[in-house]
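Keep the viewer open while you read.

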Amino acid sequence: MVRLSALLLLAGVAALSIGSVAPPALVSESAAPGSFSAARARVQLERIAARPHPVGSQAHGAVRTHIVERLQQLGIDARVTRAASCTSQVFWTHCAKVQNVVGTIVGRSSASAILLAAHYDSVPESPGAADAGAGVVALLETARALRAGAALEQSVLLLFTDAEEDGMLGAGAFVDSDPSFANVRVLLNFEARGSHGPSALFETSPDNGALIEAFARAVPQPVGNSFVASLARILPNDTDATIFRMRRTPLLNFAFADGLQNYHHASDSIHAIDYRSVQHHGEYALALTRQLASQPLANLSAQDVVFFDVLGRPVVRYPLSAARWLGLVLAVVFVLLWTYARRQLGATAAGAWRAARSTLLAGLAAIGGALSLHVLLAQLMPPIALVAEAKLLSLACIATALVPWLWLFSRGSRDTGEIDVALGSLLPLAITAVVLSWLTPGMSYVFVWPLMFGAAALFAAGGLTARCARDLVLTLGALPGVVIGAIATYTLV
């Protein structure tokens, strides 16, 4: 019953959603002075990530000195601020003397500033080329490009924080004791949890509407979505941005995360890093700084939005309030669809409920199959190899999930009409979409948009030939599960 076309579409969407988004091409050293060039930044990274530089080490001091000297070469006022900082958890308290580096590019207005931040310390076993040497050199090259252009309306602060790996101690010292924090109106923070891949907007502050608008308008190759950003507010994965979020500073937080096997490892070196990821960091930093510096920074808070990029190109965004209303509209549409399918297309309630049950059971079996494969691979493969092939294993898990999905769905719908199958397969998705639109609207688009396409296909079925209608409805009816499965399985791996 489930046609080969649906299977091929499912596999194609899964592969496209996982593998299509890549960082931008590397810009050469001969590029215009006002452009960001990761090839130029490479020279700085070779100095900064030559060896591990944890807090307090001689190499750590050398990195700090190099940052200060580079800022001074660019004609930027640079200072080192020293302070004691502490962080507390349930069972322990950690304190250290930290030394942040702060550079200032003075704009026409000195009352407000855009803050660009990255930490310059590494863990003891790692040279820290990606985490966060990539962020450090992205800031240095961005500063060079800004200095090569016209004077900015707003001032820019360049913050190279100390002791991030020891509990965000440098960021804590900055917000607690540095007088320039009073002028900060927005933060752009740059991190890494791997050695390559696209740099993605993975965290925002609340009331992010104005910042997402700037992100969508300014960045040439934007990657990010509110699904991940909503998760970031829940999961305990802290960066320096956490300190600023606690102070209600508007912020955007960026990171690249492919090549997880190099994270906090000796292999996080200049030989493993993909400089295209540094290029992506820098294009974000430069484009957003110029965009924000050209507008008033008095109030960057606006209603939260649902947002997502379309394969690394345009950014779709709309207010959370619109997402909630869209959930209500979809509820009404599905009721109308149910009535239309029964009266005009010959669907039956009993058949649709059987198909809905089969869809739910098939979905659970698919998740179980993917998880089982993941657990099996985790037992058979070293952890480093497992994370090194995350994308390939994600596709393998999706392929494994297809087997029980197809078998159970076909078996459960064997004696059910085609329209009943299409209608019933959309019912669990409709319930999930409506509920999430109200409870966590930032995540709702993953379910809402596939549901809209599936419902449109079913509405269109009445004007098509029986065979064409069947293929179209079943193919698009399967698409929501494909998209959700691809995202969920890749996240699990």
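Let's start with a charged pair: Arg 233 forms a salt bridge with Asp 304, and their closest N and O atoms sit 3.5 Å apart. (A salt bridge here is a side-chain nitrogen of Lys or Arg within 4 Å of a carboxyl oxygen of Asp or Glu.) The two partners come from distant parts of the chain, 71 residues apart: Arg 233 is in the loop between helix H7 (226-232) and H8, and Asp 304 is in the loop between helix H9 (275-293) and strand E8 (305-309). Helices (H or I, at least four residues) and strands (E, at least two) are DSSP runs, numbered from the N terminus. Arg 233 is partly exposed at 35% relative accessible area, while Asp 304 is buried at 14%. For those words, buried means under 20% relative accessible area, exposed means over 50%, and partly exposed is in between (1.4 Å probe, protein chains only).

A word on what you're looking at: this is a predicted model, where local features need pLDDT of at least 70 and side-chain atom pairs count only at pLDDT 80 or more, while totals for chains, interfaces and linings use all residues. Residues are numbered from 1 along each chain as its sequence is written, and side-chain values use heavy atoms, with hydrogens and water left out.

Back to the charges. The structure holds 10 salt bridges. Another one brings together the side chains of Arg 40 and Glu 141. That pair also links distant parts of the chain, with Arg 40 in helix H2 and Glu 141 in helix H4, 101 residues apart. Both Arg 40 and Glu 141 are buried. Glu 213 is partly exposed, with a relative accessible area of 25%, and Arg 217 counts as exposed at 61%.

| Salt bridge | N to O distance |
|---|---|
| Arg 233 – Asp 304 | 3.5 Å |
| Arg 40 – Glu 141 | 3.1 Å |
| Glu 213 – Arg 217 | 2.7 Å |

Now for the sheet. Its seven strands run in the order E1-E2-E4-E3-E5-E7-E6, and the sheet is open, with mixed pairing. Strand E1 (77-88) and strand E6 (200-204) are the edges, each pairing on one side only. On average, neighbouring strands are turned by 25° against each other, direction ignored; the axes behind that angle are lines fitted to C-alpha atoms, for helices over the stretch in contact, and angles run from 0 to 180 degrees between N-to-C directions. Further in, strand E3 (residues 109-119) and strand E5 (residues 184-192) pair in the parallel sense over five bridges. (Two strands count as paired if DSSP finds at least two bridges between them.) Within this pairing, Ile 114 stands opposite Val 186 in E5.

How many disulfides does a search of the whole structure find? It finds one, joining Cys 86 to Cys 95 with an S to S distance of 1.9 Å. The criterion is a pair of cysteine sulfur atoms within 2.5 Å. The link of Cys 86 and Cys 95 is right-handed, with 110° about the S-S bond. Cys 95 is partly exposed, at 42% relative accessible area.

A few backbone spots deserve a click. The peptide bond from Asp 131 to Ala 132 is cis, with omega near -5°, and Ala 132 belongs to helix H4 (residues 129-148). Ala 163 has a positive phi near 55° despite not being glycine; this residue is in the loop between strand E4 (154-161) and helix H5 (169-177), and is buried at 0% relative accessible area. Arg 248 is not a glycine either, and has a positive phi of about 65°. Arg 248 sits in the loop between helix H8 (240-246) and strand E7 (251-256), where it is exposed at 76%.

Finally, look at Ala 25, in the loop between helix H1 (4-19) and helix H2 (38-48). Ala 25 is exposed, with a relative accessible area of 58%. Its C-alpha atom is separated by 8.6 Å from that of His 280, 255 residues apart along the chain.
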